Amino acid sequence: MAGDPSGFLAFFCGKAQDGGIRRFALSSFLPSQKPFKFIAMSNNSASMPRLLAVANQKGGVGKTTTAINLSTALCAVGKKVLLIDLDPQGNATTGLGVKRSEIQKSIYDVLFDEAEVTEVAVPTKVRGLSVVPSSIHLAGAEIELVTEQYREYRLRNAIRKPLPYDYVIVDCPPSLNLLTLNAFVGVESLIVPLQCEFYALEGLSHLTKTIRRVRKSLNPDLDIQGIVLTMVDRRNNLSAQVAEDVRKFFGDKVYQTHIPRNVRLSEAPSYGLPAIIYDMKSPGAQAYIQLAKEVIGREREIFEQQRVA
Ligand SMILES: Nc1ncnc2c1ncn2[C@@H]1O[C@H](COP(=O)(O)OP(=O)(O)O)[C@@H](O)[C@H]1O
Ligand SMILES: [Mg+2]
């Protein structure tokens, strides 16, 4: 593991009692110096969490990396986060150091009404972050769900209730199948990682069509919180051109922060750690910290709008 500058790892892992470290960690994540009641409150008792999913039907675009590092960054500002691994590949589970062989119950049991998310959640090395693991059974769940009643509402019923978390973040599988549909019906908002490559915009229009359809019938409130450009390589002209096109088309929906291609982000999961802990100073980890600030800023706007309405 690449060092622990400024004791940040100790902060995350709950080893340090040092108030100085804590203040450093918190202030580095806060979006501004203004009092920020929304993010300052931590959810120790059960209340309605904010529900987000990280989605894109393409594989390998950075969904899991985004879900893990964003969740970690939210925990760094005192939030309690539940990451739900809805992908049968289970990369979010193993990337957070949870061994698949040790899993007793998984999201599969939740989808089939055999367990509550709180029973299945496993604590991780990140203080405040728990994961609902994926399991190999999830691969067959889609077919099994087809004959079940309310098959699109399974996840919604499990998470739209008071829970001891501030955020529930769902890591979606790389397809627009019934599992992903469960995520779209269950959550309030989507974060869409987009890799800057030739077919990116085409894939995105497919995704937005699906979102429109879900909105019409199953979940009228579903929204895209933002699109994050991932694996950006500034030296690559195509990457720059696609980034420009996406920004032209989607405007403010695209986060200012983009995630660079960075080897530390791909190394971290093999240590069972988020990159933000594995090597906090790496450009990839720093980018995710910046992204988290933007996400928190947008969450604050949504919170204010809901308060006024
Ligand atoms: N910005 C990045 N730079 C370098 N490697 C990355 C980056 N983001 C993700 N990766 C690596 O690319 C692969 C796919 O990323 P992942 O987050 O698993 O995508 P998805 O969940 O969309 O399939 C993984 O091996 C991951 O470690
Ligand atoms: Mg994934």
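Reader: Which residues are the closest to ligand 1, and how many surround it?

Author: In this predicted model, where local features need pLDDT of at least 70, side-chain atom pairs count only at pLDDT 80 or more, and totals for chains, interfaces and linings use all residues, 18 residues surround ligand 1, the closest being Gly-62, Lys-63, Thr-64, Thr-65 and Ser-266. Residues are numbered from 1 along each chain as its sequence is written, while chains are lettered from A and ligands numbered from 1 in the order in which they are written. A residue is near the ligand if its C-beta atom, placed from the backbone, lies within 6 Å of it.

Reader: What makes up the shell around ligand 1, in residue classes and in helices?

Author: The shell divides into six nonpolar, ten polar and two charged residues, where Ala, Val, Leu, Ile, Met, Phe, Trp, Tyr, Cys and Pro count as nonpolar, Asp, Glu, Lys and Arg as charged, and the others, Gly among them, as polar. Helix H4 (63-76) and helix H13 (263-267) each supply at least two residues, and the largest share, three residues, comes from H4; helices (H or I, at least four residues) and strands (E, at least two) are DSSP runs, numbered from the N terminus.

Reader: Why are E3 and E7 called edge strands?

Author: Two strands pair if DSSP finds at least two bridges between them, and in the open sheet of seven strands, ordered E3-E4-E2-E5-E1-E6-E7 with mixed pairing, strand E3 (122-123) and strand E7 (223-230) are the edges because each pairs on one side only.

Reader: How do you know that E6 and E7 pair?

Author: Seven bridges join E6 and E7 in the parallel sense, and the definition asks for at least two, so the two strands count as paired. Gln-195 stands opposite Thr-230 in E7. The chain crosses from E6 through helix H11 (residues 200-217) to E7, and this β-α-β crossover is right-handed, a term that applies if, with the strands pointing away from the viewer, the path from the first strand over the helix to the second runs clockwise.
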